[in-house]
Amino acid sequence: MLCRTAAASFAFLTMMSIASAETLVVCTEASPDFLNPQFSTANTAFDVAAQIYDRLVSVERGGSKIVPGLAESWSVSDDGLEYTFKLRKSVNWQSSRTFKPSREFNADDVVFSFQRMMDEKHPFHKIGRGSYEYYEGLVAPFLKAVEKVDDYTVRFVLKRPEAALLGALSVEPMSILSAEYADAMQKAGTPDQVDQVPVGTGPFSFVAYQKDATVRFKRFPQYWGEAAGLSDRAAQVSDLVFVITSDPSVRYAKVKTGECHIGRYPNPGDLADMKADPNLNVQSGTIADMSYLAFNNQKKPFDDRRVREALAYATNVPALVQAVYQGTGTPTAALIPPTLWGHNDDLKLREYDPEKAKKLLAEAGYPNGFKTTLWAIPVVRAYMPNGRRAAELIQADWAKVGVQAEIMSFEWGEYLKRTRQGEHEVAMSGSTWDYPDPSQLLSLSWSCDAVATGGNRARWCNKEFSEKLARANSISDQAERAKIYVDLQKIFHDDTPAILFANAQAFTPVRKEVSGYKMHFFGGQPFYGVSLKK
């Protein structure tokens, strides 16, 4: 953590250094909730991890193809229960002020990274006080063991076949951490340093983090991608700075003046001005996302489907999307977006019908409505441009049927923590897919298992849904899987654990001196391969 004087000095130096072609400055929207991505579900943490860490496999930058990472190749047994990964050699670890690696990356690091999450008795399992939500939701249900075959070969043994294993291994929470670093910090009596001062094998190394201000990185000159000739995966600038700026208007202003080179998650209302600015390029693309208002199904009156359905009829979703997304979103009734296979195109939005809502509320025993709290997402996301405005529109709609909703919110990390613990009654949430397989967010956000991990913000456990989902995830035939996912969306729509908002289009203003930037739609946004024109 930087002291105030150091922080002020750094802010001045950052402003001065932007004139240099060696420092890439990115305006980001919020602080990461964790620096160790194993604990997080948020893109603010994934964006940091994408610079520092590698995984066994990854999604190609700006694309959707699974490509080798720390694993050069892999093979699958005939029964689909064993995946054997051949690991890359001559991969260097970064260092920190308190740690200097004495060896290169090997199988011990892979085993450590997964054993920490798998084994409750592992000495690092409870260090950091974080939960392993992505691991528990995406990998734990089918992973039996991770075994070291030799120094450069590891084997994943599964309980059952899993069609999306490679995709699950590509996300930032499956990053590979240094076993030697963990051992050194444990011997020094400071095991928490592993999570607070990240050390990885990626193209950038971690320098410093000041909450709500900056995250600083430096090019890692010993990065394996350099020697492998993979310029698209190597750092092209000497320094990278995330300037944490919560207000999207301020982020845009900083990009306009050149204080930042790239602005994340701008206001949709600024899009026309951005496109007219001769100093900017505006990149855009349709993302694979879901955005929703989750009813806590474990709290009354939201355990009653009639109440949930009533509030769905009471919410004017098209008007909300028009006002909040301003042309960058399309209202949806389907859990899986049309950008992914398995989308159910037959589902239709419930029409805005306050009278029908009142009738359902009366049937459920609430003829005069009730009081509740409505939690508004506090940051701009690609899937939700303005949580506060959306909450105000919902509040006004619900008041017309007698439901008085008090709007609440918290700092982003606290919001994630509290909704994960189920403290809310009704809360806004959403996600973008981290790899191109429908199973990911269905498993993480809507399965019965995800209630325990906290990923299921609706705390909705529909056994038919979960059983069919497990079956779809265990078979390899994509056409057969797609049919099951179509059925799952119908179950979700009928039971109404949440109100879906829109499928969104993302856009990013980029200064014209930036070269090589690619919007990345799956997982954290990497900034390797990006350079600045002198």
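Predicted model: local features only at pLDDT ≥ 70, side-chain atom pairs only at ≥ 80, totals over all residues.
Let us begin with how much of this protein is hidden: buried residues make up 60% of its 534 residues.

First, the overall form. For a chain of 534 residues, a compact globule would have a radius of gyration near 24 Å, and the protein has 23 Å, so the two agree. If you turn the model along its principal axes, the C-alpha trace spans about 70 × 55 × 45 Å. The secondary structure comes to 19 helices and 21 strands. Sequence distance is also worth a look: of the contacts with a separation of 6 or more, 72% join residues 24 or more positions apart.

Now consider the surface. The protein exposes about 20800 Å², and carbon and sulfur atoms supply 48% of that area.

The largest nonpolar core has 158 residues, and F156, W398, M428 and W446 have the most contacts inside it. Apart from this core lies another, of 11 residues, including C27, V241, Y252 and L280. Leaving aside residues up to four places away in sequence, W446 touches M290, Y292, L335, L441, N456, A458, W460, F465, F492, P497 and A498.

W446 also belongs to a helix that deserves a visit. Helix α16 covers residues 439-446, and eight of its eight residues are buried, so the helix is largely enclosed by the rest of the structure. Along with W446, its buried residues include L441, L442 and L444, but also S439, Q440, S443 and S445.

Helix α2, residues 43-52, is another mostly covered helix, with 10 of its 10 residues buried. Among them are F46, V48 and I52, together with N43, D47 and Q51. What do the buried residues of α2 pack against? Their partners are the helices α4 (133-138) and α15 (412-420), and the strands β8 (204-210), β9 (214-219), β10 (239-244) and β17 (426-432).

S96 sits in the loop between β5 (82-87) and α3 (107-118). Is S96 buried or exposed? Its relative accessible area is 9%, under the 20% cut-off, so S96 counts as buried. Beyond its neighbours within four places in sequence, S96 is in contact with Y181, V197 and V199.

Finally, some details of the backbone. Most residues other than glycine have a negative phi, and most peptide bonds are trans. Against that background, look at the peptide bond from K300 to P301, which is cis, with omega near 0°. P301 is found in the loop between β13 (289-295) and α11 (305-314).

Two residues with positive phi complete the tour. D212 is not a glycine, yet its phi is near 65°. D212 lies in the loop between β8 and β9, and at 47% relative accessibility it counts as partly exposed. T496, also not a glycine, has a positive phi of about 55°. Its place is the loop between α19 (478-495) and β18 (498-500). With a relative accessibility of 2%, T496 counts as buried.

Key:
Residues numbered from 1 in each chain as written. Heavy atoms only, no water. Core = buried A, V, L, I, M, F, W, Y, C linked by side-chain atoms within 4.5 Å. Buried < 20%, exposed > 50% of the residue type's maximum accessible area, 1.4 Å probe, protein only. Contact = heavy atoms within 4.5 Å. Helix = DSSP H or I, 4+ residues; strand = E, 2+ residues; numbered from the N terminus. Rg over C-alpha atoms; globule rule 2.2 N^0.38 Å. Areas by Shrake-Rupley, 256 points an atom, 1.4 Å probe, with all protein chains shown as cover.
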